[in-house]
Amino acid sequence: SSEYEVAMICGVSGIGKSKLSEEFIRYANKSGNTVLSGRCDKLQSQPLHAISSLFDRYCAWLPVKDRSTAEKVATTLKENLGDDMAHLVNAIPNLANLLGDD
């Protein structure tokens, strides 16, 4: 069984959030875990940019690292979202590559 955990690192500029994140990701990867990370930026005008950019990077990475899981994700999304998939692809451009040419 798989376990998933979410961590959020918050704080004012300059206190070491980026360094802490880098060290956490390095440790998690050495332990065989996959880490998805995103950044919030006050100047970013796109709603939920941190989340959409995180999943965009994941959609680019997944077919290269785990083709079987990529195919399962693509099939599940197509079955459940149908025509609404275009809205998700607008927010997550690399999802189009994961979905293929169907």
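This is a predicted model: local features need pLDDT of at least 70, side-chain atom pairs count only at pLDDT 80 or more; totals for chains, interfaces and linings use all residues.

Q: Which residues of H2 are buried?

A: An α-helix has 3.6 residues a turn, so residues three or four places apart point the same way. In H2, the buried residues are Ala 50, Ser 52, Ser 53, Leu 54, Asp 56, Cys 59 and Leu 62.

Q: Against which helices do the buried residues of H2 pack?

A: They pack against three elements: helix H3 (67-81), helix H4 (85-91) and helix H5 (95-99).

Q: Which residues make up the largest nonpolar core?

A: Here one looks for buried nonpolar residues joined through side-chain atoms within 4.5 Å. The largest such core has nine residues in all: Cys 59, Leu 62, Ala 70, Ala 74, Met 85, Ile 92, Leu 95, Leu 98 and Leu 99. H2, H3 and H5 are the elements that give two or more residues to this core, and H5 provides the largest share, with three residues.

Q: With which residues is Leu 98 in contact, leaving aside its neighbours within four places in sequence?

A: Apart from those neighbours, Leu 98 is in contact with Cys 59, Leu 62, Pro 63, Ala 70, Val 73 and Ala 74. Cys 59 and Leu 62 are also among the buried residues of H2.

Q: How much space lies in the largest pocket, and which residues lie nearest its centre?

A: The largest pocket holds about 1,900 Å³ of space. Its lining comprises 44 residues, and those nearest the centre are Ala 7, Leu 36, Ser 37, Gly 38 and Leu 54. Two or more lining residues come from each of helix H1 (17-30) and H2, with H2 giving the most, 10 residues. By class, the lining has 21 nonpolar, 14 polar and nine charged residues.

Q: What lines the second largest pocket?

A: The second largest pocket contains about 190 Å³ of space. Its lining consists of Ile 25, Asn 29, Asn 33, Thr 34, Val 35, Leu 36, Ser 37, Leu 54, Arg 57, Tyr 58 and Trp 61. H1 and H2 are the elements that give two or more residues to this lining, and H2 gives the most, with four. These lining residues divide into six nonpolar, four polar and one charged.

Terms used
Residues are numbered from 1 along each chain as its sequence is written. Side-chain values use heavy atoms; hydrogens and water are left out. Buried means under 20% relative accessible area, exposed over 50%, partly exposed in between (1.4 Å probe, protein chains only). Contact means heavy atoms within 4.5 Å. On a 1 Å grid over the protein atoms alone, a cavity is a set of points where a 1.4 Å probe fits but cannot get out, and a pocket is an open set with protein on both sides within 12 Å along at least five of seven lines; lining residues have an atom within 4 Å of a point. Grid points are joined across faces, edges and corners, and a volume is the space filled by probe spheres set on the points. Ala, Val, Leu, Ile, Met, Phe, Trp, Tyr, Cys and Pro count as nonpolar, Asp, Glu, Lys and Arg as charged, and the others, Gly among them, as polar.
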